[in-house]
Amino acid sequence: MGDTTGSPVPRTISRRGFIAGTGSLLGAAALAGRTPAAWAQTAPVAPIPSGAHVAALVIGTGYGGAVAALRLAQAGVDVHMVEMGMAWDTPGSDGKIFCNTREPDYRSYWLRTRTKAPLNYFLGFPIDRDIPRYTGILDAEEFGGITVYQGRGVGGGSLVNGGMAVTPRRENFGAVLPSVNPDEMYNVYYPRANAELGVGTVDPAWFDSTACYQYARVGRKHAQRSNFPFVFVPDVYDWDYMEQEAAGTVTKSALAGEILYGNNHGKKSLQQTYLARARSTGRVSVSPLHRVTSVAPASGGRYTVTVEQLNTTGAVTTVKTVTADRVFFAAGSVGTSKLLVRLKATGALPNLNGEVGRGWGDNGNVMCGRANHLWDPTGALQSSIPCCGIDNWAAGGAFAEVAPLPTGIETYASFYLSITNNPNRAQFSWNAAASRVDLNWQAAWKQPSITMAKTIFDKINSKEGTIYRTDLFGTYKIWGDHLTYHPLGGAVLNKATDNYGRLTAYPGLYVIDGALIPGNTTVNPFVTITALAERNIEKIIATDL
Ligand code: FAE
């Protein structure tokens with residue numbers, strides 16, 4: 001099934017043609033040093049024509065989708081990736097592809113007219129602002145009891161995330177993916193994922209001396225004085241580049257507060273790693289600003305896929321119908337779950353099993369800040385890339401990332417994102433009256449996370465004689481318990497799918513993203529999503545193709 005048939009999908013476009021379209025980008029890239037230029041130069045952004053047939057269609061360009069595309073292409077299969085967000089390969093009028101966290105503009109949010117910052121108050125005042133409605137990079141998707149933050153664009157969550165690349169402790173893996181053999185994950189797939197993602201760790205000597213990690217050293221001091229294990233956490237940010245930022249020899253990104261709405265330099269998003277390699281095979285093309293709305297069986301074992309083309313206001317400009325031999329759902333935990341639940345309920349894929357939509361969790365995310373004494377400043381200059389955490393998982397069910405508050409001024413605050421062992425799981429279901437998929441997560445279900453996070457911070461506050469900040473999530477509100485950055489589950493491995501992500505009622509349909517993971521990874525999730533995708537696609541290529 002290597003070649004496409006029917007209407008051809010352009011696999012590559014000429015370098016000359018590409019440069020003609022993006023000359024300003026390449027010029028800017030040459031001036032600015034490390035940028036997504038490597039990606040741009042190999043980028044066959046080639047919107048799929050209606051009527052096309054493809055061997056493999058991948059819905060979404062995040063971690064699961066990028067792994068699938070690379071490995072399928074290397075196995076000789078032509079792949080087309082459909083991504084609802086933008087390509088993020090062209091600078092705006094300020095010469096930058098991504099806007100700054102401190103100055104969110106039209107590029108910041110997915111189809112909103114007002115920002116919805118995760119940390120939306122400062123000194124008790126709201127900080128959100130009006131913006132033009134645009135297909136921006138960060139989606140704050142609101143369900144009844146929780147706001148789920150997700151990346152939108154070619155690269156998925158890798159465009160907006162902090163890059164913390166954490167492999168769960170092996171003793172915890174049985175709870176993360178109970179049906180997966182840990183030996184193969186820890187011997188083969190975690191190392192493979194870490195290598196391909198370009199994971200590295202801060203140089204401890206530099207960490208000890210640089211102003212931009214003063215906040216993290218304060219976090220370490222407080223953790224250690226309360227006898228909590230303190231750990232350095234690997235990241236995909238280019239640590240050499242960050243040291244050059246600190247030395248003033250390159251354009252600043254992490255040290256200019258870039259995070260959440262994209263990093264213009266330094267961060268190795270999927271655009272620079274898996275997707276660049278996938279595209280260099282010459283077998284992968286991508287349709288940005290295209291959203292899959294339906295997948296249904298067609299004759300000959302194929303699938304008919306309905307795709308809406310969007311403009312940057314979010315309006316649908318064209319509806320296309322294409323066919324594919326195989327379809328990989330990689331739209332993220334929420335995107336894949338919403339699609340499958342709707343397609344099952346509305347009759348396109350009625351034989352999906354009853355586990356579809358179940359087992360969704362928030363990775364136990366909860367945020368909080370602590371108010372330090374005036375003699376414990378955390379620094380006006382803070383690297384936006386976190387590099388350390390407090391591991392109280394075994395004793396208290398919480399792993400707390402020492403997070404930056406890159407406001408550019410001294411805040412005397414220590415800020416944390418905790419990942420906790422919250423047992424609550426929600427379900428997606430089809431709401432026929434409203435014609436949408438709902439998620440039944442309840443706001444009160446965050447209480448176990450707060451209790452677990454308090455096992456760390458109550459103790460530190462007591463030891464240090466400090467208190468919680470109450471001005472970061474509202475007025476007199478301590479906990480950021482309204483959101484998650486880490487949606488997981490909804491099409492759980494070995495339940496909604498077989499043990500390799502196959503939707504067995506429909507040969508040729510697969511799930512290959514965070515929807516497979518049952519709600520919690522004990523740490524930040526993308527390394528596990530990537531490693532599991534590597535494991536599953538290897539099996540699928542070996543046995544199904
Ligand atoms: P994901 O990366 O979300 O990709 C799915 C893609 O599918 C997206 O590009 C969507 O736009 C696209 N899509 C959705 N629906 C459709 C459709 N119908 N048609 C076409 N395209 C569609 O999925 N994780 C870590 O491990 N470390 C961190 O430091 C970290 N920090 C984070 C910070 C923030 C602010 C956020 C939002 C997330 C963070 N995460 C972090 C989570 C991580 O980014 C997330 O787990 C992965 O991106 C999920 O990977 P998937 O492949 O499942």
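In the predicted model, helix H7, spanning residues 214-225, packs against helix H12, spanning residues 447-464, at an angle of about 90°. The axes of these two helices lie 9 Å apart. Because angles of 65 to 115 degrees count as roughly perpendicular, H7 is described as roughly perpendicular to H12. On the H7 side, the contact is made by His222, Ala223 and Arg225, while H12 contributes Ile460, Lys463 and Glu464. By residue class, the contact of H7 with H12 comprises two nonpolar residues, one polar residue and three charged residues.

A total of 36 residues are found around the ligand. Of these, Glu83, Gly157, Met164, Gly514 and Phe526 come nearest. The shell around the ligand consists of 15 nonpolar, 17 polar and four charged residues.

For Tyr63, a backbone N or O atom is placed 3.0 Å from an oxygen atom of the ligand. For Gly64, a distance of 3.0 Å likewise separates a backbone N or O atom from an oxygen atom of the ligand. Met164, one of the residues that come nearest to the ligand, has a backbone N or O atom 2.7 Å from a nitrogen atom of the ligand. The ligand taken alone exposes 1,000 Å², of which the protein buries 95%.

Two or more residues of the shell are supplied by each of the following elements: helix H3 (63-74), strand E6 (147-151), strand E9 (290-297) and helix H13 (526-544).

Definitions and conventions. Residues numbered from 1 in each chain as written. Predicted model: local features only at pLDDT ≥ 70, side-chain atom pairs only at ≥ 80, totals over all residues. Heavy atoms only, no water. Near = heavy atom within 4 Å. Polar contact = N/O pair within 3.5 Å; in protein donor to acceptor, adjacent residues only side chain to side chain. Areas by Shrake-Rupley, 256 points an atom, 1.4 Å probe, with all protein chains shown as cover. Helix = DSSP H or I, 4+ residues; strand = E, 2+ residues; numbered from the N terminus. Nonpolar A, V, L, I, M, F, W, Y, C, P; charged D, E, K, R; others polar. Axes fitted to C-alpha atoms, helices over the stretch in contact; angles between N-to-C directions. Parallel < 35°, antiparallel > 145°, perpendicular 65-115°, else oblique. Contact = heavy atoms within 4.5 Å.
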